[in-house]
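Please look over the sequence and the structure shown here before reading on.

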Amino acid sequence: MTELIVRVNGTEQKLDVDPEMPLLWALRDVIGLTGTKYGCGQALCGACVVHLNGEVVRSCVTPVSRAAGGSVVTIEGLSPDGNHPLQRAWVELGVPQCGFCQAGQIMTAAALLAKKPRPTDAEIDESLAGNLCRCGTYPRIRAAVRKAAGNASGA
Amino acid sequence: MIPKWLHLVAICSLAQAAAVLPACGGPAQETAATAPVALAAPPADGLRPPEAFAGISDPSERSRALFSEMSRVMLHPRCVNCHPSGDSPHQRDAMTLHDPPVTRGPADQGVVGMECTSCHQDKNLALARVPGAPKWHLAPKIMAWEGRSAAALCEQVKDPARNGGKNLRQIVEHAAHDPLVAWGWAPGAGRTPVPGSQAKFGALAAAWVEAGAACPKEEARR
């Protein structure tokens with residue numbers, strides 16, 4: 001075991017864990033942030049997406065040691081009151097069905113909007129191509145990303 | 001009426017048979033002198049060492065043969081999958097398109113939300129079966145190797161405009177020591193490694209340059 005220091009949603013966390021432990025395990029089982037979901041465990045579905053130093057990572061395959069000294073943001077930390085434009089758009093358009101993939105969808109979309117505030121439909125599709133939704137809510141996801149970007153008609 | 005070009009073919013054919021007209025392809029004696037040197041079959045690891053080419057006395061011929069051997073590594077799916085001619089990498093020995101669907105993006109490192117390093121770490125992940133190595137990324141499009149012959153690959157590798165601005169010495173260094181190149185020999189369980197070893201590949205590259213960095217002709221490898 002090694003003590004690793006990681007800032008999670010603005011709070012410094014000292015983690016006494018195996019450095020090879022996937023970041024997802026540290027977030028859910030050690031810190032107790034269960035908003036990020038376990039889907040495939042192989043970086044294939046996107047349910048586990050969080051931000052590490054502002055970049056998207058799939059926490060199910062990211063060793064927690066990669067986050068040491070860094071800053072992680074999970075769905076719980078995206079906005080202090082759940083009022084991020086994407087979260088508002090998600091509610092207004094009733095995007096989720098079962099909801100399991102939605103944290104990963106929103107976190108990927110949030111990274112996109114942070115770098116491209118007015119993405120085209122093609123850019124939305126490229127960025128979210130690796131976030132699977134077994135309920136098939138893709139049209140509503142895209143519409144919500146557009147809405148959050150202030151681009152409801154698409155491009 | 002017989003066209004003029006057919007006369008020339010006929011004359012050359014006769015001249016070659018008589019070994020008297022070098023302009024038509026060289027006399028029979030010269031052809032015999034440059035007959036291909038028989039190479040031993042590749043060893044168990046699939047890659048001949050530079051010494052296997054020592055019997056080729058002509059440096060240019062030896063250099064061409066050395067690069068052909070190097071191309072066994074460079075045109076292997078482990079290498080070509082991330083040197084695609086399109087905007088998406090490939091995967092597996094069958095070189096199918098990468099799944100999940102990713103695109104190269106402006107810096108050959110994916111697009112926002114789907115960067116290469118969103119999933120790939122600096123090492124292979126045994127349990128999740130995600131391959132990884134330091135600085136995992138796609139080769140730029142100008143360095144595409146997909147569909148290349150050994151001859152075309154060689155000309156490309158020597159061209160600084162298409163090799164990342166490297167000179168021949170840097171090419172050898174890259175072949176022998178680059179950590180991402182090294183991944184080809186240690187791609188993780190379930191993936192076929194490229195032939196030989198990085199040390200042998202680097203030695204082949206050094207020998208190729210030493211012999212003149214000649215490029216193979218458009219013909220099959222021996």
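**From a hairpin to the chain contact**

In chain A, strand S3 (residues 49-52) and strand S4 (residues 55-58) run antiparallel and are joined by four bridges; strands here are DSSP runs of E with at least two residues, helices are runs of H or I with at least four residues, and both are numbered from the N terminus, while two strands pair if DSSP finds at least two bridges between them. Within this pairing Val50(A) stands opposite Val57(A) of S4(A). The two strands form a hairpin with two residues between them, and in its turn Asn53(A) has a positive phi of about 50 degrees.

This is a predicted model, in which local features need pLDDT of at least 70 and side-chain atom pairs count only at pLDDT 80 or more, whereas totals for chains, interfaces and linings use all residues. Residues are numbered from 1 along each chain as its sequence is written, and chains are lettered from A and ligands numbered from 1 in the order in which they are written.

The domain assignment (automatic or from a database) divides chain A into domain 1 (2-77) and domain 2 (85-148), whose C-alpha centres lie 21 Å apart. Twelve residues of domain 1 of chain A are in contact with eleven residues of domain 2 of chain A, contact meaning that the C-beta atoms, placed from the backbone, lie within 7 Å. On the domain 1 side, the largest share, three residues, comes from S3(A).

Between the chains, the contact takes 22 residues from chain A and 16 residues from chain B. On the chain A side, S4, helix H3 (102-115) and helix H4 (121-127) each supply at least two residues.

Key:
Two residues are in contact if their C-beta atoms, placed from the backbone, lie within 7 Å.
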